[in-house]
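Thanks for coming. Please look at the sequence and the model while I talk.

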Amino acid sequence: MKKRTKTSQKKQSFRNVKKASYIGAVFIVVLCGIGLILATRLPDMALSVKETSPLPLPTPPTAEIVTPPAPLPSEQPLTTPIPSPSPQIEEKAVAVASTPETLQIALPVEGEVIVPFSGEQLVYSKTLQDWRAHPGIDISASAGTDVKASADGTVAQLYYDAQMGYTIILRHGELYQTVYQNLADTKNVTQGQTIKRGESIGKVGTSASAELIEDSHIHFAVLAGETFQNPLEFLINP
């Protein structure tokens, strides 16, 4: 009986050892599985950690910053000076009293006025046998008589007119002009020439076909702008 009990105890001990060995083997297998799993997962985890971790910011250079040398005087950059705003000056219109331009003349020849200035009134023309305005005066003078400038001025025009013959026009300032017609020619003066009062500018002729029947004379007129005026109203000694 006692022997059988010992045998049973031995069997039971063997069973316990076997069971413990089995449990130990299972534990080892589990540990190996866990180790294998960790071995395969750790690199990926490490890589993911590396990819997600922020990169370190670059460290600013600690070397001393070198300032470039100033340019030489001859290499100084050109700069355009900015003009300073000048104070605004209020402009005020100042009224200046202007003196009206006047004209004082002497007759170009000594003689009688045989045909007066008519203005808008019509007078009869013996040569043309019709009625027309006479914009100047006809002063009796024999052919060849010197015709003198009636006032200081310059020669504005000289030409031949089909009806009034050789013509010289003198300008006196900006407004007035004097007209000399029925001259023998216009050779004594040139355009632009300065003329003094009393200076000879030509001679009485017979070139005015529109006044050919009348006695020998010089046709003389005064223009103010484009309007004919009575020359007798401008005489120095009327």
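Strands are DSSP runs of E with at least two residues, numbered from the N terminus. This is a predicted model, where local features need pLDDT of at least 70, side-chain atom pairs count only at pLDDT 80 or more, and totals for chains, interfaces and linings use all residues. Residues are numbered from 1 along each chain as its sequence is written, and side-chain values use heavy atoms, with hydrogens and water left out.

I start with His-172, which sits in strand β7. Is His-172 buried or exposed? His-172 counts as buried, because its relative accessibility is 7%; buried means under 20% relative accessible area, exposed over 50%, and partly exposed in between, with a 1.4 Å probe and protein chains only. The side chain of His-172 makes a polar contact of 2.7 Å with that of Thr-178. Such a contact is a pair of N or O atoms within 3.5 Å; within protein, one must be able to donate a hydrogen and the other to accept it, and residues adjacent in sequence count only if both atoms are side-chain atoms.

Next, the core. A nonpolar core is a set of buried Ala, Val, Leu, Ile, Met, Phe, Trp, Tyr and Cys residues joined through side-chain atoms within 4.5 Å. The largest one has 25 residues, and Ile-105, Val-147, Leu-170 and Ile-201 have the most contacts inside it. Two or more residues each come from β4, β7, β8 and β11. Strand β11 gives the largest share, four residues.

Last, Trp-131. This residue is in strand β3, residues 130-133. Trp-131 counts as exposed because its relative accessibility is 59%.
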